[in-house]
Amino acid sequence: MQDQENPRPNDSRSTGDDPDNPAAEEIIPEAEAEPVAEPEEYSDPRDQRIAELEAELAEAKDQRLHALADVENMRRRAQREREEALKYGAVSLARDLLSVADNLGRALAAAPGEEADDSVKTLVEGVAMVERDLVGALEKHNVQSVAGVGEPFDHNVHQAVVEIETEEVPPGHVAQVMQTGYTLHERLLRPAMVAVAKAPGE
């Protein structure tokens, strides 16, 4: 009964409402929370190996493409060289034959006319036949003569030796061919030596 009539005085440690207790106003700071470490991202070594293998495969493909391109370029170059050899392999021979054609032409130009006897005429006809056969053989192998009298002067295939006054062809055109020029396919074997026309009085 005594306990009920005289309740025990309040324990100041149990409450913070006591103004006379300075300890009651103290706030005990809580311990600072340590930062939680982010979980490290897991890296599978197999992924790294796969990436390395993919890089090696891409490099191997690139090298293969370069090798194929080099082989194709070599093939085309070899084919072009073979074609040029077939087209121009006879350049030296053709140039030597041009001298023969020149000599046959000079022989025909110096041959006597109608006053010659039959034996000389037969000889001249034989030389003319040889010249025609030679020109035909050259043309068969794509050796063509350069355009001559009456054609416009072209410094790519003509070599001007002299200018002559004439009204027979327009000025700046070939008036006379002193030596026939020839081409092999599109390549010039030798230029034609020509006289170029100019107007009288120029």
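How are helix 3 and helix 4 oriented to each other, roughly parallel or roughly antiparallel?

## Two packed helices

Helix 3 and helix 4 are roughly antiparallel to each other, a term kept for angles over 145 degrees, whereas angles under 35 degrees count as roughly parallel, 65 to 115 as roughly perpendicular and the rest as oblique. Two packed helices are described by the angle between their axes and the distance between the axes. Here helix 3 (residues 91-110) packs with helix 4 (residues 118-140) at an angle of about 150°, and their axes are 10 Å apart; axes are lines fitted to C-alpha atoms, for helices over the stretch in contact, and angles run from 0 to 180 degrees between N-to-C directions. The crossing of helix 3 past helix 4 is left-handed, meaning that the near helix is turned anticlockwise from the far one by less than a right angle, with clockwise giving a right-handed crossing. Helices (H or I, at least four residues) and strands (E, at least two) are DSSP runs numbered from the N terminus.

## How to read the values

This is a predicted model, in which local features need pLDDT of at least 70, side-chain atom pairs count only at pLDDT 80 or more, and totals for chains, interfaces and linings use all residues. Residues are numbered from 1 along each chain as its sequence is written, and side-chain values use heavy atoms, with hydrogens and water left out.

## Salt bridges

Side chains of opposite charge can pair when their charged atoms come close. A salt bridge is a side-chain nitrogen of Lys or Arg within 4 Å of a carboxyl oxygen of Asp or Glu, and by this rule the count comes to 5 salt bridges. One of them joins Asp 102 and Arg 190, whose closest N and O atoms are 2.7 Å apart. This pair links distant parts of the chain, since Asp 102 is in helix 3 and Arg 190 is in strand 5, 88 residues apart. Asp 102 is buried, with a relative accessible area of 13%, and Arg 190 is also buried, at 15%; buried means under 20% relative accessible area, exposed over 50%, and partly exposed in between (1.4 Å probe, protein chains only).

Helix 2 (residues 45-88) holds both Arg 49 and Glu 52, which are 3 residues apart, about one turn of the helix. Their salt bridge has its closest N and O atoms 3.2 Å apart, and Arg 49 is partly exposed at 42% relative accessibility, as is Glu 52 at 35%. Arg 76 and Glu 72 also lie in helix 2, 4 residues apart, and in their salt bridge the closest N and O atoms are 3.1 Å apart. Glu 72, Arg 75 and Arg 76 are linked in a network of salt bridges.

## Loops with positive phi

Asn 142, in the loop between helix 4 and strand 1 (143-145), has a phi near 65°, a positive value in a residue other than glycine. Asn 142 is partly exposed, with a relative accessible area of 36%. His 185, in the loop between strand 4 (182-184) and strand 5 (187-190), has a positive phi of about 55° although it is not a glycine. At 30% relative accessibility, His 185 is partly exposed.

## A nonpolar surface patch

Val 161, Val 162 and Met 178 form a nonpolar patch on the surface, with about 230 Å² of accessible area together. Patches are made of residues with over 30% relative accessible area and no salt bridge, like charges being joined within 9 Å and nonpolar side chains (Val, Leu, Ile, Met, Phe, Trp, Tyr) within 5 Å. Accessible areas come from the Shrake-Rupley method with a 1.4 Å probe, and for residues only the protein chains shown count as cover. Val 162 lies in strand 2 (residues 158-165) and is partly exposed at 35%.
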